[in-house]
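Please look over the sequence and the model before reading the points below.

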Amino acid sequence: MQLLGVSLAALAALVSASPEVLESALVGDDQCDGGEESCVLNALQLKGQKSSAQEMLEAADEEEQEEEEESAWLKDISTKTKNHFKHILAPLQKPIVANYQYLTELEKFVNYTMEKVENATGHVVIWNRKSLLQEDEEEEVETTWGRRRRSFSGKDLPPRARYINKILIYLDKEMEAVWNYNTIVDRKRWGVGNTITSSPYGPHGEHPERWRANGSFPFPLKAPTSPVLNVSNSLVMHLKPEKREYDNKYAQQLAADYASLIANINDASKKGQELRARLYKMDAYADKFIKLPSGVWNKIDANR
Ligand SMILES: *[C@@H]1O[C@H](CO)[C@@H](O)[C@H](O)[C@H]1NC(C)=O
Ligand SMILES: *[C@@H]1O[C@H](CO)[C@@H](O)[C@H](O)[C@H]1NC(C)=O
Ligand SMILES: *[C@@H]1O[C@H](CO)[C@@H](O)[C@H](O)[C@H]1NC(C)=O
Ligand SMILES: *[C@@H]1O[C@H](CO)[C@@H](O)[C@H](O)[C@H]1NC(C)=O
């Protein structure tokens, strides 16, 4: 769990170690007991086992045995093409993990804003209660995840194409975890805004003399800092898919899925940067709010 407190140096190491995570996740379909989602998350947080990737990949190669020379349109992809896809997919693990790590920094920041507001009001900020969420906000996020549809289901595929498809599915799942995390951080931001907007008489309400804190909420010691939180640093990624034509039908489909995975990674980084801007805006509202005198009407529309 202390991963959330990692330094950026440790983070860099984590990201560079990540291809192993992908491999171990591929080996370890059956090692994930907590369901697929937690499996992906574990891998993203590097809690997964770092088992020997290479061995597993080689074993998989051997299983395939001889390949046919002629590659007709409907035949499986060649071993060469399979290896090529492995080669272009492996580096994608790194930017996916980086997207996830950006979000942990953003979560620290929204936590900080939330703690300030909780300290001022003496009440927890409610952010994860279904009934409080704006419907349009939820829908927007769901369409973003749903945007990528698998071209075919794995069981219809010949072995080498299926192998590559499996890697793609795994990377897509990781991206789903990234989008989920983005939603969580944004919901926290929204919850803070909701507290501010629904406290028009200031942190202690209309009758400050009757105000009681509902627990102890220490003021955060200092704002988190990180290159991710420095607005001079862009978080936006511009990965480009390779341009290559394939004759084989399965290869064409896999190439299309690969290209849309790259678009998804780029999109997530852009949404991360936009989220960062919204978090700073909310933090400014929070600072304004906690200084307000209580008992005086001073409505701030923080969620507009
Ligand atoms: C944000 O706060 C929550 C609740 O206090 C905590 O569980 C989580 O680890 C924090 N996130 C980060 C990235 O520090
Ligand atoms: C006060 O805190 C308790 C738990 O700590 C919570 O169940 C209750 O809803 C809170 N009351 C208010 C008014 O926020
Ligand atoms: C707000 O923070 C200050 C400093 O940490 C603390 O003394 C105070 O009790 C906190 N207020 C609440 C309501 O917890
Ligand atoms: C933010 O980043 C810019 C450029 O990378 C750097 O010059 C500046 O010192 C950074 N600011 C902080 C507070 O770290």
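The model is a predicted one. Its protein chain has 304 residues, of which 46% count as buried. The chain contains 9 helices and 0 strands.

**Overall fold**

- Along the sequence, the elements of the protein chain follow the pattern α-α-α-α-α-α-α-α-α.
- Considering contacts between residues at least 6 apart in sequence, 87% link residues at least 24 apart.
- The protein chain has an accessible surface of about 16,300 Å², and carbon and sulfur atoms account for 52% of that surface.

**Confidence**

- The mean pLDDT of the protein chain is 80, and 67% of the residues score at least 70.
- Confidence is highest in helix H6 (residues 93-121), with a mean of 98, and lowest in helix H1 (residues 8-16), with a mean of 41.
- The stretch of residues 46-56 has a pLDDT below 50, and in the model this stretch makes 13 contacts beyond near neighbours in sequence.
- Residues 65-71 also have a pLDDT below 50, and this stretch makes 5 contacts beyond near neighbours in sequence.

- In the side chain of Asn 119, an N or O atom is 2.2 Å from an oxygen atom of ligand 3.
- Backbone atoms also take part: a polar backbone atom of Phe 217 is 2.7 Å from an oxygen atom of ligand 3, and a polar backbone atom of Phe 219 is 3.1 Å from an oxygen atom of the ligand.
- Ligand 3 exposes 360 Å² when taken alone, and the protein buries 52% of that area.

- Glu 174 is located in helix H8, which spans residues 159-197.
- Glu 174 counts as buried because its relative accessibility is 0%, and the cut-off for a buried residue is under 20%.
- Although Glu 174 and Tyr 100 are 74 residues apart along the chain, their C-alpha atoms are separated by 8.9 Å.

Notes: Residues are numbered from 1 along each chain as its sequence is written. Chains are lettered from A and ligands numbered from 1 in the order in which they are written. Side-chain values use heavy atoms; hydrogens and water are left out. A polar contact is a pair of N or O atoms within 3.5 Å; within protein, one must be able to donate a hydrogen and the other to accept it, and residues adjacent in sequence count only if both atoms are side-chain atoms. Accessible areas come from the Shrake-Rupley method with a 1.4 Å probe; for residues, only the protein chains shown count as cover. pLDDT is the predictor's confidence in each residue, from 0 to 100. Helices (H or I, at least four residues) and strands (E, at least two) are DSSP runs, numbered from the N terminus. Contact means heavy atoms within 4.5 Å. Buried means under 20% relative accessible area, exposed over 50%, partly exposed in between (1.4 Å probe, protein chains only).
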